[in-house]
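Colleague: Please show me the model, and then let me ask about its layout and packing.

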Amino acid sequence: MKTTANSVGTQRPDTQHNRARAWALLTENTPSARRLPRYDSGSPGRLMDIARTYDRICLRAEGVLQPDATESEILAALLAIRMLREKLDHDELKLITLARTKRVTWARIAEWQELSGRQAAERRHLQLSRAHTRPDGTAPHTQNERVEYARELRSRRAERQWALKHAARIRRVARQLAAIEDLQQRVDGSHEALIMRAIRESDSKEKPRQAPLVWPKALRECVAEDERFCNSPLPPVDDGLDDPDWHRQQQEADIVHRLLGLIGYAVNPRNIDLSDLPDLGDAISDLQNDSQQAAKVRH
């Protein structure tokens with residue numbers, strides 16, 4: 001950092017502050033510290049590189065050490081605080097993200113951040129996300145987009161919990177629907193399938209081969225997966241962070257939530273005609289209505 005002499009003989013830093021020079025000043029004055037090969041404006045480096053000099057300047061500010069710190073050192077330390085604050089915010093964001101990938105709950109994160117609760121921890125995460133570019137270099141979402149995304153995640157979790165609470169009912173309806181022998185034929189002959197086929201034919205010079213709609217197959221595969229889970233559940237995962245039973249519960253919630261979504265296709269008579277199976281049709285409609293009503297209550 002370039003300096004000039006003032007009237008009282010102390011050093012005055014250059015009027016144009018410079019992050020690289022400020023960091024270098026604190027680093028170069030640190031005994032046994034290794035000089036950084038290159039300053040990256042996106043990352044101020046390691047705390048250990050300036051820790052000793054920074055602590056010494058703060059002690060001098062308290063009047064504990066002599067001689068007094070120079071003006072250059074004081075201003076460099078102030079700029080370093082700003083740089084370190086940005087670094088710590090970024091590090092906090094990375095650590096919160098890492099904790100969530102390891103399925104640490106928001107409640108536990110809030111406890112260790114000494115925040116008031118789960119919502120405060122989520123708000124803190126959104127606040128930190130706003131200030132940093134993603135790893136792929138794209139700009140972060142706006143605040144409204146992040147809030148909507150967070151709401152969507154909460155809504156999805158609530159849907160999963162509702163599905164888990166009504167798992168027996170969902171399983172019963174899903175198995176009855178999947179057990180219809182001509183399920184695929186009914187779906188492929190539905191009003192919606194005819195419209196999709198007409199659109200494909202109008203877009204193609206040659207008559208395209210009829211492609212079956214995929215949700216009946218997906219439903220049966222999901223029902224089979226659920227039966228395997230019920231008969232031979234996966235061994236519990238013990239990662240030292242959460243109760244192994246919690247992991248198994250999440251596996252079950254994922255399956256029954258997918259079953260609920262696949263059953264939803266059968267609600268609309270345009271997707272499948274169940275007029276000859278009125279009891280099953282009523283059960284599907286009641287399940288869908290109850291699910292939607294629960295969602296309205298949450299909102």
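The questions and answers below go from overall layout to single residues.

Modeller: This is a predicted model, in which local features need pLDDT of at least 70, side-chain atom pairs count only at pLDDT 80 or more, and totals for chains, interfaces and linings use all residues. Residues are numbered from 1 along each chain as its sequence is written, and side-chain values use heavy atoms, with hydrogens and water left out.

Colleague: Which pattern does the protein follow along the sequence?

Modeller: Helices (H or I, at least four residues) and strands (E, at least two) are DSSP runs, numbered from the N terminus. There are twelve helices and two strands. Read along the sequence, the pattern is β-β-α-α-α-α-α-α-α-α-α-α-α-α.

Colleague: What share of the residues of the protein count as buried?

Modeller: Buried means under 20% relative accessible area, exposed over 50%, and partly exposed in between (1.4 Å probe, protein chains only). By that rule, the buried share of the 299 residues is 31%.

Colleague: Among contacts between residues at least 6 apart in sequence, what share join residues at least 24 apart?

Modeller: Contact means heavy atoms within 4.5 Å. Among contacts between residues at least 6 apart, the share joining residues at least 24 apart is 62%.

Colleague: Where do the buried residues of α2 fall, seen down its axis?

Modeller: In helix α2 (residues 51–61) the buried residues are Thr 53, Ile 57 and Arg 60. The arc is taken from the directions from the helix axis to the C-beta atoms. These residues fall within an arc of 60 degrees, so they line one face of the helix.

Colleague: Which residue with positive phi follows α2?

Modeller: Its phi is near 80 degrees. The residue is Gly 63.

Colleague: How many residues apart in sequence are the parts that the aromatic pair ties together?

Modeller: Rings of Phe, Tyr and Trp (its six-membered ring) pair if their centres lie within 6.5 Å; planes under 30 degrees apart count as stacked, over 60 as edge-to-face and the rest as tilted. The count comes to one aromatic pair. Trp 215 and Tyr 265 are stacked, at 5.5 Å centre to centre and 10 degrees between the planes. Trp 215 lies in helix α10 (residues 215–231) and Tyr 265 in the loop between α11 and α12 (278–298), so the parts tied together are apart in sequence by 50 residues.

Colleague: What is the relative accessible area of Ala 121?

Modeller: Ala 121 lies in helix α5 (residues 118–130). Not counting residues up to four places away in sequence, Ala 121 touches Trp 106, Ile 109, Ala 110, Gln 113 and Leu 115. Ala 121 is buried, and its relative accessible area is 0%.
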